[in-house]
Amino acid sequence: MDKQQLRSIMDHQYELPTEIEQYEAVQQVVSLLGSTDPELRDDLAYGILYEWLITQKILTAGQLTELLHQTLSDQMLFKGIGTAENDSVFQRTFSALLLALLLKRDEQQPYISKPLYEHIAKRVVDYCMQENDYRDYVEVKGWAHAPAHIADVMAACVRSPHIGPEECKKLLSAIEHMLLHANHILRTEEDERMATAVVSMLELNKLSFTSYCAWLMQVELPNEDKVIHRCRRINVKNFARSVWMRAAMREFIDPTTEWHNWYNIEKKLNPVFNRDI
């Protein structure tokens with residue numbers, strides 16, 4: 001499909017083309033997710049997939065499962081994995097957004113089995129460990145935003161009854177890896193989207209705040225005073241503060257009783273914490 005056809009679909013309340021079968025129409029739009037044209041990829045293709053899969057709820061359970069396996073494949077979520085500054089990042093990160101949609105659809109109409117969900121969680125962790133492109137907005141080509149997009153997938157995973165505390169621990173390790181391997185300060189709210197996954201763990205009692213604090217305390221920060229290491233420490237600090245603030249505001253924790261834990265974390269992550277003005 002080209003832009004004109006996609007705009008026509010949007011102009012007609014996302015009505016499916018009559019000349020092709022539903023699943024084929026979805027496949028044609030999915031094939032555009034790796035485009036370097038941000039309007040085609042983000043505004044049109046992704047927007048249409050959201051409406052079709054989430055609002056209109058098209059496709060059968062079998063078709064959704066097939067699309068899920070396709071999205072997790074080496075040709076989509078893992079295409080070109082390990083490279084940096086490469087256009088394959090758009091295929092990976094918009095495959096992640098599609099994966100988040102497919103998991104959201106499962107919340108509405110369950111179709112994913114427990115073994116398949118465990119496989120999804122493993123693939124998500126593998127992706128985080130292998131992704132090396134941490135760019136956010138790329139001039140002309142639009143959003144790459146790998147940490148933010150995969151964080152949306154993690155948040156959706158956490159909400160599934162098939163994902164328990166053990167899987168959440170592995171997702172925490174994946175978050176830790178991303179925070180400590182970005183080569184710049186995450187400046188476009190990637191840390192906030194990672195925090196969403198952790199706050200969901202706390203909300204659903206899949207992670208205790210005591211365990212979360214213990215995990216943060218064991219995160220090994222680089223000792224060398226190099227710019228890249230400072231950036232990574234700041235990423236962990238910003239993420240940790242976001243989780244603390246949101247958990248406190250939503251009353252998942254009592255700040256007065258958890259203050260000692262937080263004091264130790266802040267002291268670890270903030271080298272100027274005890275410095276005189």
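**The cysteines and their setting**

Cys128 is buried, since its relative accessible area is 0%, where buried means under 20% relative accessible area, exposed over 50% and partly exposed in between, computed with a 1.4 Å probe and protein chains only. This is a predicted model, in which local features need pLDDT of at least 70 and side-chain atom pairs count only at pLDDT 80 or more, while totals for chains, interfaces and linings use all residues. Residues are numbered from 1 along each chain as its sequence is written, and side-chain values use heavy atoms, with hydrogens and water left out.

The cysteine sulfur closest to that of Cys128 belongs to Cys157 and lies 9.8 Å away, which is too far for a bond, a disulfide being a pair of cysteine sulfur atoms within 2.5 Å. Cys231 also counts as buried, because its relative accessibility is 13%. For the sulfur of Cys231 the closest cysteine sulfur is that of Cys128, and at 20 Å this is too far for a bond. The structure accordingly holds zero disulfides.

Read from the N terminus, the order of elements is α-α-α-α-α-α-β-β-α-α-α-α-α-α. One of these helices, α6, covers residues 114-130 and contains Pro115, which counts as exposed because its relative accessibility is 58%.

Helix α11 covers residues 227-249 and contains Trp244, a residue that is buried because its relative accessible area is 10%. Apart from neighbours within four places in sequence, Trp244 is in contact with Phe209, Ile253, Pro255, Glu258, Trp259 and Trp262, contact meaning heavy atoms within 4.5 Å. Between Trp244 and Phe209 there are 9.4 Å from C-alpha to C-alpha, although the two are 35 residues apart in sequence.

For the chain as a whole, 52% of the 277 residues count as buried. Of the contacts between residues at least 6 apart in sequence, 74% join residues at least 24 apart.

Conventions: Helix = DSSP H or I, 4+ residues; strand = E, 2+ residues; numbered from the N terminus.
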